[in-house]
Amino acid sequence: MSADWVVLKFGGTSVSSAQRWETIAGLLRQRREAGLRPLIVHSALATVSNRLEGLLRQAMDSDCSPGVDELAELHFRLAGELGLDGEALLEQDLAQLRQLLAGIHLLGEVSPRIQARLMGMGELMATRLGAAWLQRTGLPVTWLDARDLLTARDMPGANESARFLTATCSFDPDPALATRLAACEGILLTQGFIARSAAGEPVLLGRGGSDTSAAYFAAKLSARALEIWTDVPGMFSANPRIVPGARLLRQLSYEEAQEIASTGGSVLHPRSIGPCRVAGIPLRVLCTSQPELPGTLVSRDTGSDSPRVKAISGRTRITLVSMDTLGMWQEAGFLAEVFRCFSDLGLSVDLVSTSESNVTVTLDTGINSVDAAVLGQLRHRLERLCRVSIIQGVEVVSLVGRKIRATLHEIGPALEAFQEHRIHLVSQSASDLNLSFVVEEGQAGRLIQKLHAQLVGASASDTDSVFGETWQELQVGAVKVEPAAQPWWQRRRGDLLALVASAESAYVYDLPTIDAAIARLKSMRSVSRVFFAVKANNQPVVLRRMEAAGVNFECVSPGEIRHVLGLFPHLDRQRILYTPNFAPRDDYAFGLEADAWLTLDNLYPLRHWQSLFAGRELFLRVDPGQGRGHHQHVRTAGAHSKFGIPLFELEEAHELVRAAGARVVGLHAHTGSGILIPENWVEVGRALTGLAGEFPELRYLDLGGGLGVPERRSERPLDIAALDEALAQVHAARPDLEIWLEPGRYLVAEAGVLLARVTQTKGKGAVRYVGISTGMNSLIRPALYGAYHEIANLTRLEQPIEGSVSVVGPICETGDRLGSDRLLPDCAEGDVLLIANAGAYGHVMSSSYNLRDPAMELALE
């Protein structure tokens, strides 16, 4: 059997552009020059698998020809970039795709057998294009159908869905396959994700199965190496989207990589590691946009055998099942009966915790199909044995590393991060490779940030054999797909430096940027009125800009109403929307006396202070039941939020309003802050229009605020035109009702920056600190929400990056950290650092903690 095979797997992003294919061709030439025989396994083009799933669902109810045309055009565009005739190459595949979808539409249902055939079409079409282009460049390539090479194992007793959609294959060395492939010409190219059953029918290896396909081929051929080429530079110590300072993991054992992949790392599919481990094949995770980087090596060598935490990972949308009974104590076979309830429904249990009277387990919805019907069946079966509690949407935070039990004395202090967080379950793996915590929805991200800073960031060094560069450091010089727009503060750098020439620290607001944000919202034809959330920024110069542009004001306290009326004493009181929350009776009376619109967000005032509301027109704030936002503290709907009237109390609300002699003229809902998808307000709008019929005098639908701004330049801004178009559909359902919005951050966040001078710099081994003249007393959002703000050295804006630093303030608190692991030029005393997107919830939340005055406020015309 040949020992010179190298298997290269390329993901969807890696095969979706001509630029990436140029990279792939160069890699193949390098491997051939090194005396290796390449076998390429690659995925469908980016987004294609999701599109095919969407077509499957659509075909059952309607004609999906337009969707097929879009899918075809996606492939034709790439073919055009590659100089290929896409229509000729893919004619048969597209005809088969249309035929399969027509059959699904005729029957009105789709079987797992048909689903397996259809979902594999993406890989077949993509590989035809790839093979044709490589041949066109002069490389000898043989295209192979993976369904002729990989045969799925028999699965006795498995249901049809498991047999066709999550098949597995043997990965024992296969001399016959090696001989057959060795006889083929040149480079071999085949598909991931697909195989065939023993009966010769197409089957799938599960989502993410291309990694697994590549591992199967590598093990069967006893390949010298497996290379997994992705759009990221390797595996990291945390999700870089949550922790930008996450470290590249240079080297991991198979077992460690398996744990990281299984506990939330999305770079590598967990099932791809086992075949390599059994065969002893080194696996390397590499990046097609930065092929020069070494990536992550996964092998028998751990890189470091000392006890340490190597990664902090997280998973969301987990379902927790808690089972209580005193009857399980010392009862033989009880656990077997419990777990049979899960296995009979095809559910794979993830984490397990037991005591004398309780068994608690988790189900990962990424692995299990856990819908309401399945949970109902599970509850019914389990209730014959015990009391059952099911909680959906919890999250798991896992510490992954070698000899975790030996690091408990180091982990202990870091576990303070869990203070004030409810922990449903703690699980320590028998392999001593992970320690996992099941926490409430929305908590995982901030916990990962805190734990990473204490357990990884503080321990990594420049000479570390395990930890490499940070994600941010690796992005310097990386290929940028789309250059970000230059922020206003770069254009007005000179003005900013002049403004703070004699100041230690200051907030500066760019008024033209506020004007532009106002203009975008005022251009929305579907929205009748915009109310600015005064709590976001109450600076008089900002409020004057709002008033002059016709923006109204949303207030949450008597003090805010007095502030607005002090600036605009002749303001029409109908331009003030007042939304108190758990406020005393006098606050409600004040709002009514001020003739502002009044919103009630719970029933207590109506139950106990009815006389206040006689003859009044009111808004009711409804809790739609699900919150959104960038942090749990800004999600303002759902059972764990204090805001809003739950839907089950609306009937009582209706009766209380009538008894008080009041009228409901507006319904209001607000789900959270920092939201960048238009669908949020569409969902809110539909929810409110669905309730509108219960209130015959209704005139207004207030869809709240929460319009987000990108925290990082790589994020896409909220598409206001798309939002307007979507809300127009909501308005069309009830054209008699006005739609209102009440944004805060959207109007002012990007317009504000916090400027502060560097006071000191400091190093503690590999950890470097830059101290500045103000801290959490001026900007508390990073400490309170874990919020991310871009930080730049305004003095040295044009100078090259020198390293990663943490930016901290002068407040006597560990949490006084404005940013961790930020890439900055060398910083010196007196330099001006700029903290971006600070125009909202900045100065208004400042304090004189430590008796240090917060930053002053200034404005630029």
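R51 counts as partly exposed, at 32% relative accessibility (partly exposed lies between buried, under 20% relative accessible area, and exposed, over 50%, using a 1.4 Å probe and protein chains only). Before going on, a word on ground rules: this is a predicted model, where local features need pLDDT of at least 70 and side-chain atom pairs count only at pLDDT 80 or more, while totals for chains, interfaces and linings use all residues. Residues are numbered from 1 along each chain as its sequence is written, and side-chain values use heavy atoms, with hydrogens and water left out.

**Salt bridges**

Side chains of opposite charge can pair when their charged atoms come close. Here a salt bridge is a side-chain nitrogen of Lys or Arg within 4 Å of a carboxyl oxygen of Asp or Glu, and that rule gives 33 salt bridges. R51 is in one of them, meeting the side chain of E70 at 4.0 Å, N to O. That pair ties together distant parts of the chain, with E70 in helix α3 and R51 in helix α2. Helices (H or I, at least four residues) and strands (E, at least two) are DSSP runs, numbered from the N terminus.

| Pair | N to O distance | Sequence separation |
|---|---|---|
| E70 and R51 | 4.0 Å | 19 residues |
| D93 and R128 | 2.5 Å | 35 residues |
| R607 and E652 | 2.9 Å | 45 residues |

D93 sits in helix α4 and R128 in helix α6. D93 is buried at 4% relative accessibility, whereas R128 is partly exposed at 25%. R607 belongs to helix α23 and E652 to helix α24; R607 is partly exposed at 38%, and so is E652 at 33%. There's also a network of salt bridges that links E617, R663, E697 and R699.

**Cysteines**

Taking a disulfide as a pair of cysteine sulfur atoms within 2.5 Å, the count comes to zero. C64 is buried, with a relative accessible area of 5%, and C555 is buried too, at 0%.

Two strands pair if DSSP finds at least two bridges between them. Eight strands make an open sheet with mixed pairing, in the order β3-β4-β2-β1-β7-β10-β11-β9. β3 (141–143) and β9 (251–253) stand at the edges with a single partner strand each, so one side of each has no neighbour in the sheet. From one strand to the next, the twist averages 20°.

The angle is between N-to-C directions on a scale from 0 to 180 degrees, with axes fitted to C-alpha atoms, for helices over the stretch in contact (heavy atoms within 4.5 Å).

**Strand β17**

Six of the six residues of β17 (residues 434–439) are buried, so this strand is largely enclosed by the rest of the structure. N434, S436 and V438 point one way, while L435, F437 and V439 point the other.

Which strands does β17 pair with? Strand β15 (residues 387–402) runs antiparallel to β17 and is joined to it by six bridges, with V400 partnered by N434. Strand β16 (residues 423–428) is also antiparallel to β17, with five bridges, and I423 stands opposite V439. The hairpin of β16 and β17 has five residues between the strands, and D432 takes a positive phi near 65° there.
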